[in-house]
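Open your viewer and keep the selection panel at hand. The tour moves from one selection to the next.

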Amino acid sequence: MTRLSNDPARFAAQALDGFVAAHPGLVRRVGGGVVRAAAPAPGRVAVVVGGGSGHYPAFAGLVGEGLAHGAAVGNVFASPSARQVRSVARAASGGGGILLAYGNYAGDVLNFTAARVHLEADGVDCRAVAVTDDLASAPAEQADRRRGIAGGLVVFKVAAAAADRGLDLDEVERIARLANARTRSFGVALTGCTLPGAAAPLFAVPAGRMAVGLGIHGEPGIDERDRPGADGLAELLVDTVLAELPAGIDAPAGQRAAVLLNGLGSVKYEELFVVYRRVAELLAAAGVQVVAPAVGELVTSFEMAGVSLTVCWLTDELTPLWCAPADAPGFRRGLSATAAAPPAPVLAEEAEEPVPPASPASRAAGRRLLGALAAARDAVDAHAGELGRIDALAGDGDHGIGMSRGVNAAVAAAGAAVAAGAGVGTALTRAGDAWADAGGGTSGALWGVALRGAAVALGDESEPTPARVTSAVSRALADVTRVGGAAVGDKTLVDAFAPFAATLADRVQAGQPLAAAWREAAAVADAAARATADLVPRVGRARPLAHRSVGAPDAGAVSLALILAAVAPTGEEAATAPTREDAPTRAEETAR
């Protein structure tokens with residue numbers, strides 16, 4: 001487990017700061033992650049990768065000459081927010097366009113896609129490639145739904161080498177997609193892993209057994225079997241990867257391949273070499289010509305004892321790109337052929353926009369919002385452990401931690417905005433951005449989208465009447481379903497959110513006071529959240545292990561219902577809309 005940390009909530013940020021301090025000649029810190037130390041080459045494509053912390057050397061350790069130009073780094077096992085991705089992309093850009101590359105996880109797809117939309121709106125030519133190399137996460141006919149694991153290194157490496165050779169964005173994207181289509185990975189876990197500050201691993205593997213087909217976020221495997229010796233494990237890995245060849249390859253004999261044997265955290269290098277000895281024998285017997293193999297910790301999962309094998313079937317075009325020199329903190333090959341450029345100045349964080357003017361009624365509503373967010377924070381913090389336990393049944397167990405990070409950041413951001421005189425719309429916007437940045441992952445992104453949607457509907461000028469609150473809730477739901485792609489029945493927070501919005505609108509339209517309508521709608525959401533226990537997930541991280549979640553409610557739906565109940569306005573608040581400033585909330589005190 002992680003033994004050396006301070007505040008678990010700051011673990012990822014402090015680790016990134018220390019990483020940059022340890023590699024001043026290779027990388028520099030920017031808002032949201034790191035970029036190469038040297039200034040971007042004018043007119044060149046920039047390859048920006050990213051994902052959650054906890055996987056070093058992925059993703060920050062893969063930034064350097066011959067590899068990525070920048071990496072957006074999220075919190076522990078959580079995707080970076082869209083704003084963090086945009087910040088890194090802008091800092092890495094040389095004006096030739098941006099290629100975003102990341103693992104095919106719901107949170108990463110959502111946040112990198114949102115970043116791409118914003119960059120394109122700003123006139124930046126931007127493309128995106130989601131890595132899908134994990135054989136265990138979906139069948140061949142659904143290859144586009146597979147997770148990205150250690151094969152991402154191959155995709156990042158060849159794309160970056162192509163960009164450094166001056167190829168244009170169309171070509172860099174095509175090469176990245178070609179490498180992804182020809183890459184297959186498969187892994188096993190001998191133990192689970194423990195998040196910083198957690199008291200127990202995300203999952204356990206019985207003594208003498210191994211989980212087969214694990215994910216790098218600590219997701220349990222899709223099967224469990226007796227643990228073999230090193231040679232037996234090598235045979236399982238090679239047989240599984242060779243069983244599915246890319247289109248156009250009929251047999252492995254005579255093929256060239258990049259081969260990676262990856263340790264997931266606590267399998268020692270000597271053990272990996274023992275396994276690779278047999279892997280190399282088996283591949284040679286199959287007629288595979290191994291090109292520039294890599295053995296070591298390439299994509300990890302904290303202290304997980306596990307191993308994965310990656311094979312990328314090379315072409316004449318991919319081979320020199322895979323073999324090209326690279327000089328990144330976590331991956332080096334040969335000597336850099338590019339002369340060191342003078343370091344570029346460190347970029348400051350994006351400046352916060354000034355607080356726009358607001359009506360007295362909207363500022364008063366902002367103060368009430370702050371109290372509601374503080375109530376949501378208290379409810380989430382009190383139930384974070386239980387939310388993590390539910391999430392761990394079919395996911396990585398970080399939902400409670402992520403929700404706590406997100407809502408605490410939202411309270412602080414809203415408190416600062418309210419203290420500066422913001423109206424309810426601006427306070428909601430700041431809270432949503434902070435939630436997305438700090439919470440990370442799918443839930444952080446969706447809560448950010450929801451709060452921003454509500455902010456647009458409420459604005460900073462008008463009194464948030466019951467009808468306007470209802471419209472704000474409906475707008476938030478519409479944005480969440482549009483961006484997240486989930487519908488009722490998919491076993492997500494939408495299963496609780498949709499009936500809440502419908503009930504609230506119905507009761508308010510019938511003339512019921514907002515406080516009573518909200519409480520009734522929150523009760524409906526709670527019942528709907530509990531009813532998700534009978535559903536099978538059809539989207540999101542839980543989908544590959546859908547059967548494990550049957551019988552337990554969806555963690556996202558449960559946390560939503562918990563918050564809706566906690567923030568329900570009282571009858572007095574709804575009727576009188578107090579504007580007292582003599583009794584600041586805990587959040588306001590913190591902001592001051």
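Where is the place of Pro57? Select Pro57 and you land in the loop between β3 (46-53) and β4 (70-76). Keep in mind that this is a predicted model.

**The cis bonds**

Check omega from Tyr56 to Pro57. The peptide bond is cis, with omega near 15 degrees. Step along to Phe59, which lies in the loop between β3 and β4 as well. The bond from Ala58 to Phe59 is also cis, with omega near 5 degrees. For context, most peptide bonds are trans.

**The whole chain**

Zoom out. The chain has 19 helices and 14 strands. Its radius of gyration is 25 Å, close to the 25 Å given by the globule rule for 592 residues, so the chain is as compact as a globular protein of that length. Along the principal axes, the C-alpha trace spans about 80 × 55 × 45 Å. Of the 592 residues, 55% count as buried. Among contacts between residues at least 6 apart in sequence, 74% join residues at least 24 apart.

Colour by domain: domain 1 is 11-173, domain 2 is 185-331 and domain 3 is 360-567. The C-alpha centres of domain 2 and domain 3 lie 39 Å apart.

Now show the surface. The chain exposes about 22,600 Å², and carbon and sulfur atoms supply 55% of that area. Colour the charges next: there are 51 positive and 62 negative side chains, and the centres of the two sets lie 1 Å apart.

**Helix α2**

Select residues 82-92. This is helix α2, mostly covered, with nine of its eleven residues buried. Among the buried ones are Gln84, Arg86 and Ser87.

**Trp435**

Go to helix α11, residues 424-439, and pick Trp435. Is Trp435 buried or exposed? Trp435 has a relative accessible area of 2%, so it counts as buried, the cut-off being under 20%. Show its contacts beyond four places in sequence: they include Met403, Val407, Trp447, Leu451 and Ile563. Then put a distance label from Trp435 to Gly448. Their C-alpha atoms are separated by 5.8 Å, though the two residues are 13 apart along the chain.

**Two positive phi values**

Most residues other than glycine have a negative phi. Select Ala292 in strand β11, residues 289-296. Its phi is positive, about 45 degrees. Ala292 is partly exposed, at 24% relative accessible area.

Finish at Lys491, in the loop between α13 (466-484) and α14 (494-509). Phi is near 65 degrees here, again a positive value. Lys491 is buried, with a relative accessible area of 4%.

Technical notes: Residues numbered from 1 in each chain as written. Predicted model: local features only at pLDDT ≥ 70, side-chain atom pairs only at ≥ 80, totals over all residues. Heavy atoms only, no water. Helix = DSSP H or I, 4+ residues; strand = E, 2+ residues; numbered from the N terminus. Buried < 20%, exposed > 50% of the residue type's maximum accessible area, 1.4 Å probe, protein only. Contact = heavy atoms within 4.5 Å. Domains from an automatic or database assignment. Rg over C-alpha atoms; globule rule 2.2 N^0.38 Å. Areas by Shrake-Rupley, 256 points an atom, 1.4 Å probe, with all protein chains shown as cover. Lys, Arg positive; Asp, Glu negative; His and termini not counted. Charge placed at Lys NZ, Arg CZ, Asp CG, Glu CD.
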